[in-house]
Amino acid sequence: MPEPHELRNRPARRPTINDVAAAAGVSRGTVSRVLNGGRDVSDAAQDAVERAMRKTGYVVNQHARSLVTQRSQSVAFILSEPQERLFEDPNFNVLLHSCTQALAKQDITLLLTLASSLEERKRLGRYLTGGHVDGALLVSTHSGNPLIPELLARGLPVVACGKPLGYERQAAYVAADDRDGARQMVTYLRESGRRRIATITGPMDTSGGVERLAGYHDALATPGDPALVAHGDYTRASGEAAMQTLLDRAPDLDAVFVASDLMAAGALTALHRAGRRVPADVAVGGFDDSQIATTTQPSLTTIRQSYPRIGAEMVRLLLSQIEGETPAAVIIPTDLVVRESA
């Protein structure tokens, strides 16, 4: 016989699936079906099992569950940018948070992975296709990224944030209406009386860079002047450098549409340094409506794209693919937000 103190110190037995079944008044098989997706289970039985799980303190054994369902209950969030971009650009954090929340409702874990170099992408590709995740969310994907064709060839469900250039008909994606957003901004600048409107583009190997430049050209009344186009890479430093280039090329410019708020913040730095008043001398329009837009001096007129909605839609499309549905695409409308810079 063990001593009394030994009984007191012995860990409590973990509740089992049989305990849940007894507490819910249902069969063990019903509990198992609830734990593995709830198919062929009535609403009443589902509620009874969930109440019993809370009452007994039952915790799902994810390893055992994955053996039955052949799923890892995890999804990869892949950012194809250097690590510092995750901290510099607030849009990534908003998107990451919204995806995490949406997946948590389904008891799915989100794994953050960075893949900025070719070697990192190859290594990540081997990991992703090894059964460690059920799907992948691709963020800031550049054309030529080997991950997309590799994951598609292996049959892993993927959803891209933005159109995956070259794979628009093969991979699911959720994108803001980049072209229409740019068109809205440049039209607004023209209608406010600006005549020499420049632009700072995003990287031209991304759909955002291509589509926003196309929208800029759509809204111009005359063919665009190449001297009024400079390229950036969505960083603050590139926006500052591109703005200086534009001032050197076209000192008479009176407006600039910048393809991201972060680059627009850099453009404002260059304009202030050059003694240009904003918006009296040069109007500035951004894109994103990120946290940065309300902290610049002056605050940014910009194009709003809803990253919380984009994240939720990405998760919805990914989960539907995991359940066997075909890839789909969603375009999210954008809106003009007028502040002090234009």
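The structure is a predicted model, in which local features need pLDDT of at least 70 and side-chain atom pairs count only at pLDDT 80 or more, while totals for chains, interfaces and linings use all residues. Residues are numbered from 1 along each chain as its sequence is written, and side-chain values use heavy atoms, with hydrogens and water left out.

The average pLDDT (the predictor's confidence in each residue, from 0 to 100) is 86 for the protein, and 88% of the residues score at least 70. Where pLDDT is low, the predicted coordinates should not be read in detail.

Next comes the sheet. Helices and strands are DSSP runs numbered from the N terminus (helices: H or I, at least four residues; strands: E, at least two). Four strands form an open sheet in the order β7-β6-β8-β9, and their pairing is parallel; two strands pair if DSSP finds at least two bridges between them. At the edges stand β7 (229-231) and β9 (283-285), each with a single partner strand, so one side of each is left without a neighbour in the sheet. On average, neighbouring strands of this sheet are turned by 15° against each other, direction ignored. Strand β8 (residues 255-258) runs parallel to β9 and is joined to it by 3 bridges; A255 has A283 in β9 as its bridge partner. Helix α11 (residues 207-219) packs on the sheet, where it touches β6 (197-201), β7 and β8, and its direction makes about 170° with that of β6. For such angles, axes are lines fitted to C-alpha atoms, for helices over the stretch in contact, and values run from 0 to 180 degrees between N-to-C directions.

Two helix pairs can then be set side by side. Helix α7 (residues 90-104) packs against helix α14 (residues 307-322) at an angle of about 45°, with the axes 8 Å apart. The two are therefore oblique to each other (under 35 degrees counts as roughly parallel, over 145 as roughly antiparallel, 65 to 115 as roughly perpendicular and the rest as oblique). On the α7 side, the contact includes N91, V94 and L95, and on the α14 side it includes Y307, P308 and I310. In the other pair, α2 (residues 17-24) and α3 (residues 28-35) pack at about 110°, with axes 8 Å apart, which makes α2 roughly perpendicular to α3. Here I17, N18, V20 and A21 of α2 meet R28, V31, S32 and L35 of α3.

Finally, a few backbone details deserve a look. Most residues other than glycine have a negative phi, and most peptide bonds are trans. V278 and P279 are joined by a cis peptide bond, with omega about 10°, and P279 lies in the loop between α13 (261-273) and β9. Another cis bond runs from Q297 to P298, with omega near -5°; P298 is in the loop between β9 and β10 (302-304). D107, although not a glycine, has a positive phi of about 60°, and its place is in the loop between α7 and β2 (109-114).

Notes
Contact means heavy atoms within 4.5 Å.
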